[in-house]
Amino acid sequence: MAYSEQYLIEKLKYLLDKYGTIQTQLIDREPDFPNRKAYIRVFGSVEKACEAIGFYEYKKHKFDINDAQK
């Protein structure tokens, strides 16, 4: 399904309002939410999509020992 740029921006703003941050794992876990590939197709990367809404602190989630213990 092709998403419009405006729709993707609105979804990111929703995520930012809900959690106060945007992370890879939040994008993946949110129900009825476009996956990261949709953002990559439209913006080139998830980082650039976050910059489009004024969020410059996006970091990719890195798997660490705390994740392994969950």
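Lys-59 sits in the loop between H4 and helix H5 (65–69), and with a relative accessible area of 60% Lys-59 counts as exposed, because the cut-off for that class is over 50%. The model is a predicted one, and in it Lys-59 touches Gln-23 and Thr-24, leaving aside residues up to four places away in sequence. Although Lys-59 and Gln-23 are 36 residues apart along the chain, their C-alpha atoms are separated by 6.3 Å.

**Nonpolar core**

- The largest nonpolar core has 17 residues, and those with the most contacts inside it are Leu-12, Ile-22, Tyr-39 and Cys-50.
- At least two residues of this core come from each of helix H1 (5–19), helix H2 (24–29), helix H3 (36–43) and helix H4 (46–52), and H1 gives the most, with 4 residues.
- Cys-50, one of the residues with the most contacts inside the core, touches Leu-12, Ile-22, Phe-55 and Tyr-58 when residues up to four places away in sequence are not counted.

**Helix H1**

- H1 has 15 residues and reaches 21 Å from its first C-alpha to its last, which is close to the 21 Å expected at 1.5 Å a residue.
- The buried residues in H1 include Leu-8, Ile-9, Lys-11, Leu-12 and Leu-15; they cover an arc of only 160 degrees around the axis, and therefore lie on the same side of H1.
- Just after H1, Gly-20 takes a positive phi of about 80 degrees.

**Salt bridges**

- The structure holds 2 salt bridges, and in one of them Glu-30 pairs with Lys-18, the closest N and O atoms being 3.0 Å apart.
- This pair links distant parts of the chain, since Glu-30 lies in the loop between H2 and H3 while Lys-18 lies in helix H1, 12 residues apart.
- Asp-28 forms a salt bridge with Arg-36, and here the closest N and O atoms are 3.1 Å apart.
- Asp-28 is partly exposed, with a relative accessible area of 44%, and Arg-36 likewise counts as partly exposed, at 33% relative accessibility.

**Aromatic pairs**

- The structure holds 2 aromatic pairs; in the pair formed by Tyr-3 and Tyr-7, the ring centres are 5.3 Å apart and the planes stand at 10 degrees, so the pair is stacked.
- The reasoning behind that label rests on the angle, because planes under 30 degrees apart count as stacked.
- In general, a pair of aromatic rings is described by the distance of the centres and the angle of the planes.
- Tyr-3 counts as partly exposed at 27% relative accessibility, and Tyr-7 also counts as partly exposed, at 33% relative accessibility.

How values were computed: Residues are numbered from 1 along each chain as its sequence is written. This is a predicted model: local features need pLDDT of at least 70, side-chain atom pairs count only at pLDDT 80 or more; totals for chains, interfaces and linings use all residues. Side-chain values use heavy atoms; hydrogens and water are left out. A nonpolar core is a set of buried Ala, Val, Leu, Ile, Met, Phe, Trp, Tyr and Cys residues joined through side-chain atoms within 4.5 Å. Buried means under 20% relative accessible area, exposed over 50%, partly exposed in between (1.4 Å probe, protein chains only). Contact means heavy atoms within 4.5 Å. A salt bridge is a side-chain nitrogen of Lys or Arg within 4 Å of a carboxyl oxygen of Asp or Glu. The expected span of a helix is 1.5 Å times one less than its number of residues. The arc is that of the directions from the helix axis to the C-beta atoms. Rings of Phe, Tyr and Trp (its six-membered ring) pair if their centres lie within 6.5 Å; planes under 30 degrees apart count as stacked, over 60 as edge-to-face and the rest as tilted.
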